[in-house]
Amino acid sequence: MGNNSTGESPWSGTLSHFSLHNRALSPEDIDSASNSPTLDYRFTERFMDQIPNLASLDAPLVLPQRFRTPDPKRFTRIETL
């Protein structure tokens, strides 16, 4: 997420929904109701400083009062891994 496979074209935009699954999904699997995610955050649903995990109520995402974007030089290109 956030870059292409070479690490040379950063993504920019607004992230409104994030889901993490415990396996790789095909395009057909993504829309299937039988593939429930491990983490499922919709950033439009917010309570104070937390975003609920729709897949599990035990794992809300806690937002810091001030968020700074990490330095992009800290990330390694995929091809070098």
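Figure 1. Welcome to the overall view. Starting at the N terminus, you can follow the elements in the order β-α-β-β-β. The protein has 81 residues, and buried residues make up 7% of them. Take the contacts between residues at least 6 apart in sequence: 21% of these join residues at least 24 apart.

**Figure 2. Confidence along the model, with a mean pLDDT of 76 for the protein.** A pLDDT of 70 or more is reached by 73% of the residues. Among the elements, strand β2 (residues 39–42) has the highest confidence, at 88. Helix α1 (residues 27–30) has the lowest, at a mean of 79. A friendly caution for any view: where pLDDT is low, the predicted coordinates should not be read in detail.

**Figure 3. Asn 53, in the loop between β3 (50–51) and β4 (61–62).** Is Asn 53 buried or exposed? Its relative accessible area is 2%, under the 20% cut-off, so Asn 53 counts as buried. Look for two places that its side chain reaches. One is the backbone nitrogen of Asp 40, at 2.8 Å. Another is the backbone nitrogen of Ala 55, at 3.1 Å. Setting aside neighbours within four places in sequence, Asn 53 is in contact with Thr 38, Leu 39, Asp 40, Tyr 41, Ala 59 and Pro 60.

**Figure 4. The salt bridge between Asp 29 and Arg 23.** How many salt bridges are counted here? The count comes to one. In this pair, the side chains of Asp 29 and Arg 23 meet at 3.9 Å, N to O. As a general idea, side chains of opposite charge can pair when their charged atoms come close. Asp 29 is partly exposed, with a relative accessible area of 25%. Arg 23 also counts as partly exposed, at 44% relative accessibility.

**Figure 5. Thr 14, in the segment before β1 (17–20).** With 72% relative accessibility, over the 50% cut-off, Thr 14 counts as exposed. Now find Phe 43, which is 29 residues from Thr 14 in sequence. In space, Thr 14 and Phe 43 are 10.0 Å apart, C-alpha to C-alpha.

Conventions:
Residues are numbered from 1 along each chain as its sequence is written. This is a predicted model: local features need pLDDT of at least 70, side-chain atom pairs count only at pLDDT 80 or more; totals for chains, interfaces and linings use all residues. Side-chain values use heavy atoms; hydrogens and water are left out. Helices (H or I, at least four residues) and strands (E, at least two) are DSSP runs, numbered from the N terminus. Buried means under 20% relative accessible area, exposed over 50%, partly exposed in between (1.4 Å probe, protein chains only). Contact means heavy atoms within 4.5 Å. A polar contact is a pair of N or O atoms within 3.5 Å; within protein, one must be able to donate a hydrogen and the other to accept it, and residues adjacent in sequence count only if both atoms are side-chain atoms. pLDDT is the predictor's confidence in each residue, from 0 to 100. A salt bridge is a side-chain nitrogen of Lys or Arg within 4 Å of a carboxyl oxygen of Asp or Glu.
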